Amino acid sequence: MTRSVTPSVEEFRAEASAWLAERLPLRPRQSDAWGEGSDSVAIFHSLTAAEEAALVAASRDWHAQKFDAGYGALTWPRQFGGRELAPVYRTAFAQEEARFCTPDTTEIFGVTTGLIAPTIAEHGSAEQQERFIRPLLRTDLLCCQLFSEPGAGSDLASLAMRAQRDGDGWVLDGQKVWTSGAHVSQWGECIARTDPDAPKHAGMTAFLVPLDAPGVEVRPIRQMTGGSSFNEVFLEGVRVPDSLRLGGVGDGWRVALTTLANERAAGGTTTQGGYFGRVVALARHLGVEGDPVVRQVLARLYVRSALLRMTGLRVQAQLRAGQIPGPEGSTGKLAWTQVMWMTAQLVGRLLGPRLTADTGEWGTYAWTEYVLGSPGYRIAGGSDEIQRNIIAERVLGLPREPR
């Protein structure tokens, strides 16, 4: 029996580039020159239902093409459609893919393939792994996180949703909120309280909930950017068989931490987020690039952007080496949101009233979607305060916050 030979990274990169070139046009070189190309800097989509459905369908088709060709699950075991390659190959493919015009996407695809599928791989039964992982990696199924609640956002352990045993299944009652992508998902990873008398971290259990089950209602939340990518999800008397329990009874906190660790690792790999070149072009267009205060803020923004890139590259290097990033993920996430905040503050100062009225002038009112969208990421994926606690306790060795 012959064994397949693992290509070198250079051979793999050439192979992937040729495959991509057969299917996609090259991405035009991004220019920060004033007035060139699209002036959109939106963080969240603002689409009609029909536009979003078309976007999701196109992104699903592209993920399926990659999966079927062996590029969609490069580091995964072969039993799930993977190639069991080292993380450096995944990075190489992502770099090649970035050179081409791929279909636009939404964050639910990253949640499905990068957060939920690995969680099922670690905590799911053999039956659950067989049922879910391949369809999730291929994005035949999309899955959201049913974590945050009105009274339990970043403090997940304070959640109130109940799951009560009923024969060979469970009945779930409660409300989740800020759920990205629930309106286009078929499944949700839900954390519910199964033992109200146990310590709050010990009394939770995880479930995989079909979002078309009787008693599930998804209500989109209109964001101030105009879109509705977040949702409220209400579960009233939702029956879930025990076969959809993810992990052991009372083990929901450990399951949730796995998902959140994947989320922080993904957030920590970010190397961009502030459009520094576009901000400089705006300052030049307005004729204020020589203002000493503006130059000082630009310098600080440049330094922060450089630190963000270096932190992201450090996390990527750890992932390529097969390591699991620790507090570096929180450091990268916090650096990312700080760059976004500084960018929004400077743009607001530069544009003034131009930010509030669409006059048709290129590159001005378009910043509104960025300014209004950036606060969302100071909460999503663990708030800035949570990231600071992690850094304080695990990096600086400061006393733990009273629980």
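Start by selecting Asp68: at a relative accessible area of 52%, this residue is exposed. Keep in mind as you go that the model is predicted.

Asp68 belongs to helix 2, while Arg138 sits in the loop between helix 5 (126-137) and strand 1 (143-146), so the bridge ties together parts 70 residues apart in sequence. Arg138 is partly exposed, at 24% relative accessibility.

Stay on helix 2 (residues 49-68) and pick Lys66, then bring in Glu97 from helix 3 (residues 87-97). Here you will find another salt bridge, at 2.9 Å from N to O. This pair links distant parts of the chain, 31 residues apart. Are these two partners buried or exposed? Lys66 is buried, with 11% relative accessible area, and Glu97 counts as buried too, at 14%.

Next, jump to Arg165 in strand 2 (residues 162-166) and Asp242 in the loop between strand 7 (230-241) and strand 8 (245-246). Their side chains meet in a salt bridge of 3.9 Å, N to O, which links parts of the chain 77 residues apart. Asp242 is buried because its relative accessibility is 19%, under the 20% cut-off. Arg165, in turn, is partly exposed, with a relative accessible area of 47%.

For the last stop, select Arg13, Glu96 and Arg99 together: salt bridges join these residues in a network.

Key. Residues are numbered from 1 along each chain as its sequence is written. This is a predicted model: local features need pLDDT of at least 70, side-chain atom pairs count only at pLDDT 80 or more; totals for chains, interfaces and linings use all residues. Side-chain values use heavy atoms; hydrogens and water are left out. A salt bridge is a side-chain nitrogen of Lys or Arg within 4 Å of a carboxyl oxygen of Asp or Glu. Helices (H or I, at least four residues) and strands (E, at least two) are DSSP runs, numbered from the N terminus. Buried means under 20% relative accessible area, exposed over 50%, partly exposed in between (1.4 Å probe, protein chains only).
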